[in-house]
Amino acid sequence: MDSIWYKILGAIVTVVMAFIVGLTYMGLSRKITARVQNRKGPPFYQNFIDALKLASKTSAIHHGFLHHVGPAFMMITSIMSVMIVPILTGDQWFSNLNFKGDLIFLLYIMVFGPLGMALGAGQTGNPNSAIGVTRGLSQMVGFEIPWVMALVALMMQYHTTSIVDLINVQHQSGTWLMFSSPFAFIAAVLAMLGMFRYSPFDIVGAPTELASGPVSENGGKYLFTLMSSNSIFAFAKLTLYVDLFLGGASNIPVLLLKTFAIYLIPMLYGIVSPRYRTEQAIRYFWGWPLFFGILAILHATVF
Amino acid sequence: MINDKNSQKIVDIIQNWSRKHSIWVLAYGTGCGAIEIPPTMTSRYDAERLGVRGAATPRQADVLLITGYLTTKTLKRVIRVYEQMQDPKYVIGFGSCTINGGMYYDSYNTIKLLDRYLPVDVYINGCMPRPEAVLAGFGKLQKLIAEGKATGATKYKENIEWYKENQKKVITNWVMPDYNW
C-alpha cells in the first residue's frame with residue numbers, strides 16, 4: 001500500500017476531485033447569483049461546458065515565453081497547494097504530502113502563482129493587464145496582513161506550524177478553532193473576501209472596467225488552464241479554512257458541506273456588493289480585519 | 001485510430017455541443033443596436049440561461065456581435081478585432097444596417113453590406129431587433145453550430161484575397177498588420 005504508484009494515483013484522484021468540486025461550486029455560484037437577480041440562470045454544470053469549449057479552441061497567440069508560462073505557474077501553485085493541504089483526516093487516498101507541509105510553506109506557495117501570472121501578464125504588453133497586475137499586488141498587500149496575523153495567532157496559541165497538528169488539537173479539545181480562537185477566524189474570513197476576488201474586491205478582473213485584467217490576452221487553452229487552476233485553488237483554500245477553523249473532515253460529504261458553507265460567505269457578500277476602488281479595498285483590509293488580527297494575537301499571547 | 005474518420009466525427013459532435021451551449025459574445029457596440037444588449041443579458045430575457053455570456057476581450061470571445069451601422073473608420077477596428085479572435089469564431093450581423101445599410105443606405109461613410117468585409121454567419125433583421133429577435137438569432141446560431149454549418153471563419157480564410165481587396169477599397173489608410181495565423 002505504500003508504493004509510489006499508489007501515492008501518484010492518490011494525487012491524481014485528489015486533483016481531479018478538486019477540479020470537479022471547484023468548477024461545480026463556481027457553477028453553483030453563477031446559479032445562485034442568477035436567482036438573487038431574479039433570473040433563471042445557467043445550469044450548474046455550465047462551467048464544465050465552458051471549460052470543454054475553451055479547451056477545444058485554438059490558441060494562436062504569441063507574446064513571448066513568459067506569456068506561455070504564466071498560466072502554468074498558476075496551475076503549479078494550485079496543484080502544490082492542494083497537495084499540501086490535508087483533504088481528509090486519516091484517509092489513505094488523500095494523504096498526499098500533508099504530513100510534511102506546514103503553514104509557513106503554504107503561505108509562500110499561495111503567492112507564487114499570482115506573481116508568475118503577473119510576469120506573464122506583463123509580457124503581453126496589454127495596458128489592461130499591467131493595471132490589473134498592479135491592482136492585484138496592491139490588493140494582496142492588503143489582505144495578506146490580516147491573513148498572516150490570523151495564522152500567526154494560531155501558531156502562537158498552539159505552538160505548532162503544522163496543519164495536521166492543528167486538526168489534532170481540535171479533535172482532542174472537542175471544540176473547533178472557530179470557537180476557541182474566534183478573532184483569528186474573523187480576521188481570516190475577512191481576508192478570504194479579498195482572496196476569492198468576488199465583488200466588492202474584484203478589482204483585478206473587473207470585466208467591465210479593465211477587460212478582465214491580467215488574463216485579457218489569454219484565450220482558448222490558456223483560459224482553460226487558468227479556469228481549472230482557479231477551481232483547484234479555490235478548493236484548496238476552502239479545505240484549508242475547514243482544516244484550520246472547522247475541525248477538518250473525515251469523509252467527503254462532510255467536507256463538501258463545510259467547504260460550501262465557507263464558500264457561501266464571499267459569494268453572498270459579493271452578490272450584494274458593488275466594486276470597490278483599489279484604495280478603498282486596501283483601506284478596508286487595513287481597517288477591521290487588521291483590528292481583529294491584532295486582537296487575535298493579543299488573545300493568543302494572553303491565553 | 002485517432003485520425004480515424006468516425007472517431008473524428010464523435011469528437012466533432014462533442015465539441016460542437018459544447019460550443020453551442022457556451023457562446024461568449026463580444027458585443028461591438030457600434031450603432032444604436034448596443035442598447036438592445038443590456039435587456040437581452042439581464043433579468044427580463046436572461047441570455048445566460050442559454051450559455052450566452054459577455055466576453056471581455058476579443059481573445060476570449062466566440063461571437064462578434066456587430067450591433068448596427070459601421071462607418072469606414074469603425075470597420076478598420078472591427079476587422080482588427082475579428083482577426084484577433086481565436087478559432088472557431090462567428091459573426092452576427094445585428095439590425096438592418098448590416099444587411100443593406102438600413103436608414104444609412106445613402107450615407108457616404110458607412111458600409112452597406114457587411115458580408116463583403118467580414119463573413120457573417122447569422123443576420124438578425126429589424127430596426128431595432130427586439131431582445132426576442134436577438135435570442136432567436138442566437139438560437140439560429142446554436143443550430144448552425146450544432147450542424148457544423150457555421151463556417152464563416154473558414155470562408156474568410158479561403159477567400160482572404162477577396163475580403164482584403166474589399167476592405168482595402170474602403171479603408172484608404174491601411175496601416176494594420178496582415179492577417180496571419
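Residues are numbered from 1 along each chain as its sequence is written, while chains are lettered from A and ligands numbered from 1 in the order in which they are written. Because the model is predicted, local features need pLDDT of at least 70 and side-chain atom pairs count only at pLDDT 80 or more, while totals for chains, interfaces and linings use all residues.

Let us begin with chain B. Its secondary structure comes to seven helices and five strands; helices (H or I, at least four residues) and strands (E, at least two) are DSSP runs, numbered from the N terminus. Read from the N terminus on, the elements follow the order α-β-α-β-β-α-β-α-β-α-α-α. The C-alpha trace spans about 55 × 40 × 25 Å along its principal axes. For 181 residues, a compact globule would have a radius of gyration near 16 Å, and the 17 Å of chain B agrees with that. This radius is taken over C-alpha atoms, and the globule rule is 2.2 Å times the number of residues to the power 0.38.

How much of chain B is buried? Buried residues make up 40% of its 181 residues. A residue is called buried if 20 or more other C-beta atoms lie within 10 Å of its own, exposed if 12 or fewer, and partly exposed in between, with C-beta atoms placed from the backbone. Among the contacts in chain B with a separation of 6 or more, 80% come from residues 24 or more positions apart; two residues are in contact if their C-beta atoms, placed from the backbone, lie within 7 Å.

Two spots in the loops of chain B deserve a visit. Asp46(B), in the loop between α2 (37-41) and β2 (52-54), has a positive phi of about 45° although it is not a glycine. Asp46(B) counts as buried because 21 other C-beta atoms lie within 10 Å. In the loop between α3 (72-84) and β4 (90-94) of chain B sits Pro88(B), joined to Asp87(B) by a cis peptide bond with omega about -10°.

Now to the meeting of the chains. Here 27 residues of chain A are in contact with 18 residues of chain B. On the side of chain A that touches chain B, helix α2 (residues 46-55) of chain A gives the largest share, five residues.

α11(A) bends by about 30° at Leu264(A), and Pro266(A) follows within four residues. That bend is the angle between axes fitted to the seven residues ending there and the seven starting there. The buried residues of α11(A), including Leu255(A), Tyr263(A) and Met267(A), pack against α1 (4-36), α8 (182-196) and α10 (221-245) of chain A.

Chain A has its own loop features. Ala211(A), in the loop between α9 and α10 of chain A, has a positive phi of about 55° although it is not a glycine. Ala211(A) is buried, since 23 other C-beta atoms lie within 10 Å.
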